Amino acid sequence: MTIERKPIRRGGIREAGDDASARLLEIEFDNGSILQYSGVGAEIARRLLTSAAPASYYKDNIEEEFPSRRMR
């Protein structure tokens, strides 16, 4: 499954995208690593993608709240 990611390019996050039906969020960071988070609802993903401070939103609402796996 490929998740279409959108450019963010702020706060160390290069791109992010979600699959609402599978409840997956994928984030690519400036260092090239990609993490996929499971159980993430569409509203949380939307807030990350539209946040003026995506890195802060990620740290406060996603990083420690959802299980992740490294994709790259």
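**Reading a predicted model**

Author: E65 is exposed, its relative accessible area being 54%. Exposed means over 50% relative accessible area, buried under 20%, and partly exposed in between, with a 1.4 Å probe and protein chains only. This is a predicted model, in which local features need pLDDT of at least 70 and side-chain atom pairs count only at pLDDT 80 or more, while totals for chains, interfaces and linings use all residues. Residues are numbered from 1 along each chain as its sequence is written, and side-chain values use heavy atoms, with hydrogens and water left out.

Reader: Where is E65 found?

Author: Helices (H or I, at least four residues) and strands (E, at least two) are DSSP runs, numbered from the N terminus. E65 lies in the loop between α2 (54–61) and β5 (68–70). Its C-alpha is 9.2 Å from that of V40, and the two residues are 25 apart in sequence.

Reader: Is S51 buried or exposed?

Author: S51 is buried, with a relative accessible area of 14%. The loop between α1 (42–50) and α2 holds S51. A polar contact is a pair of N or O atoms within 3.5 Å; within protein, one must be able to donate a hydrogen and the other to accept it, and residues adjacent in sequence count only if both atoms are side-chain atoms. Here a polar atom of the S51 side chain lies 2.9 Å from the backbone nitrogen of A53.

Reader: Which residues does E28 touch, not counting residues up to four places away in sequence?

Author: Contact means heavy atoms within 4.5 Å. With those sequence neighbours left out, E28 touches R5, I13, R14, E15, S33, I34 and R72. The side chains of E28 and R5 are joined by a polar contact of 2.8 Å. E28 belongs to strand β3 (residues 24–29) and counts as buried at 5% relative accessibility.

Reader: How many helices and strands are there in the protein chain?

Author: The protein chain has two helices and five strands, in the order β-β-β-β-α-α-β from the N terminus on. The radius of gyration is taken over C-alpha atoms, and the globule rule is 2.2 Å times the number of residues to the power 0.38. For the protein chain the radius is 11 Å, close to the 11 Å that the rule gives for 72 residues, so the chain is as compact as a globular protein of that length. Buried residues make up 40% of the 72 residues.
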